[in-house]
Amino acid sequence: MAIGTCPKCKKPILPHIACRFCGTYAGRQVLPAKLVEAGKALKKAEKAAAAKHDHDHDHKGHDHPPQKDE
Ligand SMILES: [Zn+2]
């Protein structure tokens, strides 16, 4: 699999796809900075969600109300 390098931010990017780090494709800004920022935020949210998900799973059996006790 060939991986290109963004001419702007020098990050490894997939060819034929706009750089998701800075929004540049073939040396041109094709994605609005806002969208790139949103992508970053989304990535963060995804990470947070994954962490939360993991946490949630851990808590599921734990969070049961003690109905059995009665
Ligand atoms: Zn870039």
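Me: Where is His16 placed in this predicted model?
Reply: Happy to start there, and do keep in mind that the model is predicted. The backbone angle phi of His16 is near 65°, a positive value in a residue other than glycine. As for its place, His16 sits in the loop between E2 and strand E3 (24–25).

Me: Which loop holds Lys10?
Reply: Lys10 is a residue other than glycine with a positive phi, near 65°. With 11 C-beta neighbours inside 10 Å, Lys10 is exposed. Its loop lies between strand E1 (4–5) and E2.

Me: What pattern does the protein chain follow along the sequence?
Reply: Let's begin with the parts: the protein chain has 1 helix and 4 strands. Taken in sequence order, they give the pattern β-β-β-β-α.

Me: Is Thr24 buried or exposed?
Reply: Thr24 belongs to strand E3. The cut-off for being buried is 20 or more other C-beta atoms within 10 Å. Thr24 has 20 C-beta neighbours inside 10 Å, so Thr24 counts as buried.

Me: How far apart in space are Thr24 and Pro7?
Reply: Setting aside neighbours within four places in sequence, Thr24 is in contact with several residues, including Cys6, Pro7 and Lys8. Ala18, Cys19, Gln29 and Val30 are also among them. Thr24 and Pro7 are 17 residues apart in sequence, and from C-alpha to C-alpha they are separated by 8.0 Å.

Me: What share of the residues in the protein chain is buried?
Reply: Thr24 is a residue that counts as buried, whereas Lys10 counts as exposed. Out of the 70 residues in the protein chain, the buried share is 6%.

Me: Is Lys40 buried or exposed?
Reply: Lys40 is found in helix H1 (residues 33–60). Inside 10 Å, Lys40 has 12 C-beta neighbours, so Lys40 counts as exposed.

Me: What share of the contacts with a separation of 6 or more joins residues 24 or more positions apart?
Reply: This one looks at the protein chain as a whole, among contacts with a separation of 6 or more. The share from residues 24 or more positions apart is 0%.

Me: Where is confidence highest in the protein chain?
Reply: The mean pLDDT of the protein chain is 77, and 74% of its residues reach 70 or more. Confidence is lowest in H1, with a mean of 71. At 90, the highest value belongs to strand E2 (residues 12–13).

Key:
Residues are numbered from 1 along each chain as its sequence is written. This is a predicted model: local features need pLDDT of at least 70, side-chain atom pairs count only at pLDDT 80 or more; totals for chains, interfaces and linings use all residues. Helices (H or I, at least four residues) and strands (E, at least two) are DSSP runs, numbered from the N terminus. Two residues are in contact if their C-beta atoms, placed from the backbone, lie within 7 Å. pLDDT is the predictor's confidence in each residue, from 0 to 100.
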